[in-house]
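Open the structure in your viewer and keep the selection panel at hand. The stops below are meant to be followed in order.

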Amino acid sequence: MTNTPHISVQDFNVYIENQHILKNININIPNKSVTSIIGPSGCGKTTLLKSFNRLLDNTANVKIDGKVLVDGENIYDPNVEVTHIRKKMGLLSQRPYPLPMSIYDNVAYGPRIHGIRKKSELDELVELQLKATGLWNEVKDRLNASATRLSIGQQQRLCLARGLAVEPEIILGDESTSALDPVSTHIIEDLFIHLKQKYTIVLVTHILRQARRVSDYIIFVYMGKIIEFGPTEEVLLNPKEELTREYVKGFIS
Amino acid sequence: MIKRKIEELFFKVLMILATIIVTGSFFLIVGTIFSKGIPYMNLDMITKIPGGGFYIGKEGGVLNAIIGSLYIACGATVLGLIISIPVAIYINMYIDGEKFKSNLIRLAFDVLFGIPSIVYGAFGFLIMVYFGIRASLLGGIIAVTLLVIPILVRTLDEVIRTVPGELRDAALSLGATRWEAAKVILRQIRPGIFTAILLSFGRGIGDVASVLFTAGFSDNIPTSLHEPAATLPLAIFFQLGSPVEEVQGRAYASALILTIVVLIITVLAELLIKKFSKHKI
């Protein structure tokens, strides 16, 4: 683990509709590496991920206490500006949701709302991020076409490019490959491995093989609690906890 | 086995019958308007205001009512949209977490939706009396705006609710403010906005009761908001009430004009819906 943790969760509890979804979470997410959150459906993985960029704020009847520190700043502090928090993180959701505009405008959307107006600057950014996600050669001749014309795998890479264009420090992936075919999945996974040189990446995944291939660390969540956290190989091959052993059993055998 | 087959057949026949009745009455209505209206249709009807003696069968047309209806329906739809879009966005983007509040507002609009238009007419009339406005184009627009707001809000609300929450989250996680995210949602629902406009316009142009006291009636085309304005439905009402056969026939010609205006707006809206569906996910 290198220097100070990028995201530090402290005594964090989430209640939705009076149900205790996340229970006393304490975790430090390591810098510039890929951390996967694994666990059975409904265990709170996605809730944990969404709490990192305060997307829970819009949920009905939600009650949150505890702290999430990003770069040492508590993002649940009432004085904090939520758009500033979210700008630090790119979110890649389960299915790609391109904005209802052209390919170019999708990538330029973030920079534009954050004040970049100059055409040349935007052009440069769009090209840079589309190249970073390997999409440039596929779309450079039709940047003004609707983003919905792209294949679903391309759309997901476009969404990643869109997220990278606001120059985040952290990438959050919520089962980002679950709607994709194997080839696109592979491309996205490779992108994650490549991007961890510059970004801290947190993924939620159901696929243990993916967790092993992509991530450096694994968090195992069960019934709203963190059961185990450690380097990937250790958690998957030599788990300390009985619950983790049960969950990853299918993977080992 | 045989029982299931009979049941299947029974309900299939029932469905076909119901469809035939509904479709049949549509063609019957359109057919009646056409067959009765066409003989009295002429260029004068749509290019001239009522001449002297119009109501006893002499020359002139209903241009005053065509223009009046268009003014009122367009004015009310535009005004209604200006009020309804913020409401729909507010309940979906700002207080969607507070179910009690948002559902209370939805319930209020559901109730307003069901209120008969004469009540809006009466209410609009009260507002006019309060502000000292006489029966006029402005009065008519106010009353019809009240009438179409619930339609607009409920339609826009339904449309916004079909947008996946992830799209909003996508914009928000790029650091957009709620209003910026709302603008993305508005782009996404542009086809839906045209549907709402279409519904509101159709309701607004066809309603009699709301404009009865509020818009008044005039044989002239209103040149300002404070002049009384004729409307097509009211013109039809007056013409039908005439004992003169030719004037009664003109009522069907007026109805035909009203139907064609609504048809044109429908086709235009459909074209716009297609055009703006381009980027829709």
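The tour goes from chain A as a whole to its sheets, and then to chain B.

**Before selecting anything**

This is a predicted model: local features need pLDDT of at least 70, side-chain atom pairs count only at pLDDT 80 or more, and totals for chains, interfaces and linings use all residues. Residues are numbered from 1 along each chain as its sequence is written, while chains are lettered from A and ligands numbered from 1 in the order in which they are written.

**Stop 1: chain A**

Along the principal axes, the C-alpha atoms of chain A fill a box of roughly 55 × 45 × 35 Å.

Of the 253 residues of chain A, 48% count as buried (20 or more other C-beta atoms within 10 Å of the residue's own, with C-beta atoms placed from the backbone).

**Stop 2: the six-stranded sheet**

Next, colour the strands of chain A. Six of them form an open sheet with mixed pairing, in the order β6-β7-β8-β3-β9-β10; two strands pair if DSSP finds at least two bridges between them. At the edges are β6 (89-92) and β10 (225-231) of chain A, each pairing on one side only.

Select residues 34-38 and 217-222 of chain A: these are β3 and β9, which run parallel and are joined by four bridges. Which residue of β9(A) is the bridge partner of Ser36(A)? The partner is Ile218(A). Ile37(A) stands opposite Ile219(A) in β9(A). β9(A) is mostly covered, with five of its six residues buried.

Now move to β10(A), which runs antiparallel to β9(A) and is joined to it by six bridges. Phe220(A) stands opposite Glu228(A) in β10(A). Two residues lie between the strands of this hairpin, in which Met223(A) takes a positive phi near 50°.

**Stop 3: the four-stranded sheet**

Four strands of chain A form an open antiparallel sheet in the order β2-β1-β4-β5. β2 (19-29) and β5 (73-74) of chain A stand at its edges with a single partner strand each, so one side of each is left without a neighbour in the sheet. Select residues 7-16 and 62-70 of chain A to see β1 and β4, which pair in the antiparallel sense over eight bridges. Here Asn13(A) has Asp65(A) in β4(A) as its bridge partner.

**Stop 4: where chain B touches chain A**

Show both chains. In all, 23 residues of chain B are in contact with 25 residues of chain A (C-beta atoms, placed from the backbone, within 7 Å). On chain B, α7 (165-173) and α8 (178-188) each supply at least two residues of the side that touches chain A. α7(B) gives the most to that side, with seven residues.

**Stop 5: the domains of chain B**

Finally, colour chain B by its division into domain 1 (2-40) and domain 2 (54-276); these bounds come from an automatic or database domain assignment. The centres of domain 1 and domain 2 of chain B, taken over C-alpha atoms, are separated by 29 Å. Six residues of domain 1 of chain B are in contact with eight residues of domain 2 of chain B.

Notes:
Buried ≥ 20, exposed ≤ 12 C-beta atoms within 10 Å, placed from the backbone. Contact = placed C-beta atoms within 7 Å.
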